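Have the structure open as you read.

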Amino acid sequence: MNSHSIVITALLIYVIIPVLLGTYFLLRRARDRWTVLFRIVFLTTALPVFFYVPSWAMFWYPLRYIIAILFIAGIFKQFVYWTRTGWYAQGIVHWFGKGTLIGFAILFGLVSIDVFSAFNHPECVDVPAPLHDGKYVVIQGGSTVALNYHGFVEEQRFALDIVKMKWGWRASGIFPPENDRYYVWEDSVFSVCNGTVIKVVDSLPDQNPSLTRFDSINPAGNHVIVTCDKGFNLLYAHFRQGSIAVKENDTISKGAFLGLVGNSGNSTEPHLHIHAYKDSKPVALCIDGRWLVRNSRFEGN
Ligand SMILES: [Zn+2]
């Protein structure tokens, strides 16, 4: 599957299908209360999935609110249909339709449990934002894989992938092929703690944005690891080639300039990856006092 067809598939699943479904359930009259009941269950379980799971800065951030309003309106509209219908027995075709609705409701219900679990976290270490210039949005973050694909690797379970957002978009285009069309490209990254630099890699090439090309041999790409004086290590990854401004064994303070956001390593597009760990175990980070999950926004400070 090339990146074009992935974008089209994502648009279909995350934008076109929910808009069509929401509009259908809003406008299409239900003929019996079973249908009404199952629609309410379906819309209630699907809402958290469509609201939280897509990376909304890819499509257009305000769309998530439009879809949520459509679904909530659809739920309220079902109560109108409820008063106009009864518990009529319907034919086999209707039961097939209802079964499909309930099947999807169970599926969405299970995903919703994982979505809400992403907000639960152990006590977090509070740090300032590592980026200072603008509005940012998390594209991977939270405690569970529904909102944070890093969860498949234990040490990175609470890792964050961060991009910059302007007018609800993280790039000019849905998935443009050039690095400089992503707003976070070459943004300055700053240390979030006082500490000592223990590792620097700075020579790997930046890649062109793509969902199929990535460097799995050097997953972190150009990166910096700092042992923070708070007692854990912090890894910043995917820097622009040749941009890292610190050296191994440097003692640095909070706010020190580390380098520029790039697209090196196992990366599909320019972004900053950070995660904290201690003895190969993940350490939960809060930024400016907040636990961030996918689609959480924060201001650079
Ligand atoms: Zn990452």
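Two residues count as being in contact here if their C-beta atoms, placed from the backbone, lie within 7 Å. Keep in mind that this is a predicted model.

With that in hand, look at helix H2 (residues 33–52) and helix H4 (residues 63–84). On the H2 side, the residues that touch H4 are Arg33, Val36, Arg39, Ile40, Leu43, Thr44, Ala46, Leu47, Phe50 and Phe51. They meet Arg64, Ile67, Ala68, Phe71, Gly74, Ile75, Gln78, Tyr81 and Trp82 in H4. Sort that contact by class and you get 13 nonpolar, 3 polar and 3 charged residues.

How do the two helices lie against each other? A packed pair is described by the angle between the axes and the distance between them. For H2 and H4 the angle is about 165 degrees, with the axes 9 Å apart. Angles over 145 degrees count as roughly antiparallel, so that is what H2 is to H4. Their crossing is left-handed.

Now move along to strand S7 (residues 233–239), where 5 of the 7 residues are buried, so the rest of the structure largely encloses this strand. Which strands does S7 pair with? One is S6 (residues 222–228), antiparallel to S7 and joined to it by 6 bridges; there, His223 has Ala237 of S7 as its bridge partner. S6 and S7 make a hairpin with 4 residues between them, and Gly231 in the turn has a positive phi of about 95 degrees.

S7 also pairs with S10 (residues 272–278), again antiparallel, through 5 bridges. Here Leu234 finds its bridge partner in Ala276 of S10.

Notes
Residues numbered from 1 in each chain as written. Predicted model: local features only at pLDDT ≥ 70, side-chain atom pairs only at ≥ 80, totals over all residues. Buried ≥ 20, exposed ≤ 12 C-beta atoms within 10 Å, placed from the backbone. Helix = DSSP H or I, 4+ residues; strand = E, 2+ residues; numbered from the N terminus. Pairing = 2+ DSSP bridges. Axes fitted to C-alpha atoms, helices over the stretch in contact; angles between N-to-C directions. Parallel < 35°, antiparallel > 145°, perpendicular 65-115°, else oblique. Left-handed = near helix turned anticlockwise from the far one by under 90°. Nonpolar A, V, L, I, M, F, W, Y, C, P; charged D, E, K, R; others polar.
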